[in-house]
Amino acid sequence: MHSSATRTYSPLFLVLPLLGLALAWPAAAHAAPADAQPLHMIVPLAPGTTADLAARLFGRYFSQALRRPVVVENQPAASGVPATAQIVRGARDGSVLGMVASNHVINRAMGKALPFDPLTGVAPITVIGSFPLVLVAVPSLPVAGAQDLIALARARPGVLNYGSGGTGSLLHLAVELLCAEAGGFDVQHVPYNGTAQMTADLLRQQVQFGFLSVTVATPLIRSGKLRALGVSTRERSALLPGVPTLAEQGLPGYSFDAWLALVAPAGLPPQLVARYHALAQEALASTEVRDALARQGMTFIGNSPAQAAAFLASELDKHMALVRQSGAALE
């Protein structure tokens with residue numbers, strides 16, 4: 001089991017760099033009568049995250065197809081809980097959508113008191129895709145892979161420390177799963193108020209290892225500022241094809257990723273759910289959207305509303321089991 005540092009911060013989802021994009025959009029396949037009322041795309045994450053990028057890509061496509069303005073609203077405060085509550089309470093007329101990520105279910109799995117149910121409070125449209133995390137270490141740490149890190153942690157119990165974007169964040173639970181799959185080791189958890197500060201301290205070697213999103217990690221690994229120890233998903237990342245997965249390194253049960261889903265308030269009429277799902281499929285099929293998200297290391301899913309609902313339920317179950325197994329708790 002992990003011991004924990006005394007510092008406490010509010011968890012935020014991992015921050016990814018927003019790539020510069022020059023988007024050329026095709027004519028919409030299914031134009032609708034002009035509507036002066038904006039469509040609000042609420043993002044419970046900060047500007048510059050992959051969720052923000054996806055919301056702006058989909059928003060631009062939806063605006064063209066529906067011939068109505070789309071306003072992207074970033075509301076990252078308090079782990080995105082107030083923003084998600086706004087999605088849940090939104091009008092059931094198609095004027096409110098949300099671009100949510102893994103913390104949509106992690107917040108409930110961690111036992112947070114929420115003013116909504118993450119499953120029944122939304123009408124899932126589609127799970128857009130997932131992307132891997134990368135286990136990284138500072139170059140001064142004498143480890144070349146995941147097993148080296150595990151062995152060092154066991155040889156120096158309570159000495160090594162790792163950073164995360166906050167207690168209960170995706171990056172925190174990724175290490176908790178690593179500890180559980182490895183059979184346990186003792187390291188110090190240093191939770192930060194978001195991933196940007198945690199990454200800065202990794203580069204200053206104030207913390208020694210942790211997980212980062214693949215797009216944040218890749219340039220730091222290629223420049224030699226951090227050392228890659230393993231990829232969190234079952235398959236290797238196209239951005240780091242030479243880095244083995246954790247499953248390849250003697251941890252066959254390890255599989256962990258981040259994901260994005262397009263949702264609406266629960267009770268959205270079925271015909272509107274179907275309409276937005278069809279538009280989302282068209283957006284995912286466009287070269288502009290796919291190329292931009294592929295550069296973020298995304299593996300595309302694009303499932304049906306029913307499949308998306310089942311996915312959210314399974315992810316909640318998975319994270320609740322992980323919290324119970326690891327003993328992770330709000331600090």
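Two strands pair if DSSP finds at least two bridges between them. With that in mind, here are some close-ups of this predicted model.

**View 1. Strand 5 and its partners, strands 8 and 9.** Let's start with strand 5 and strand 8 (residues 209–213), which run antiparallel and are joined by five bridges. Look for L133, which sits opposite S213 of strand 8. Strand 9 (residues 227–231) is also antiparallel to strand 5, with four bridges between them; here V134 has V231 as its bridge partner.

**View 2. Strand 5 beside strands 10 and 11.** Nine bridges connect strand 5 with strand 10 (residues 257–265), again in the antiparallel sense. Within strand 10, A258 is the residue opposite F131. Strand 11 (residues 299–300) pairs antiparallel with strand 5 over two bridges, and T299 of strand 11 is the bridge partner of S130.

**View 3. The largest nonpolar core.** This core has 114 residues, and F58 and F62 have the most contacts inside it. Strand 5 (residues 122–137) gives the most to the core, with 11 residues. Because 16 of the 16 residues of strand 5 are buried, this strand is largely enclosed by the rest of the structure.

**View 4. Around F62.** Zoom in on F62 and leave aside its neighbours within four places in sequence: its contacts then are R67, V70, L97, L262, Y276, L279 and A280.

**View 5. H189 in strand 7.** H189 lies in strand 7 (residues 188–191). Is H189 buried or exposed? Its relative accessible area is 1%, so H189 counts as buried, the cut-off being under 20%. The side chain of H189 makes a polar contact with the side chain of S164, at 2.8 Å.

Notes
Residues are numbered from 1 along each chain as its sequence is written. This is a predicted model: local features need pLDDT of at least 70, side-chain atom pairs count only at pLDDT 80 or more; totals for chains, interfaces and linings use all residues. Side-chain values use heavy atoms; hydrogens and water are left out. Buried means under 20% relative accessible area, exposed over 50%, partly exposed in between (1.4 Å probe, protein chains only). A polar contact is a pair of N or O atoms within 3.5 Å; within protein, one must be able to donate a hydrogen and the other to accept it, and residues adjacent in sequence count only if both atoms are side-chain atoms. A nonpolar core is a set of buried Ala, Val, Leu, Ile, Met, Phe, Trp, Tyr and Cys residues joined through side-chain atoms within 4.5 Å. Contact means heavy atoms within 4.5 Å.
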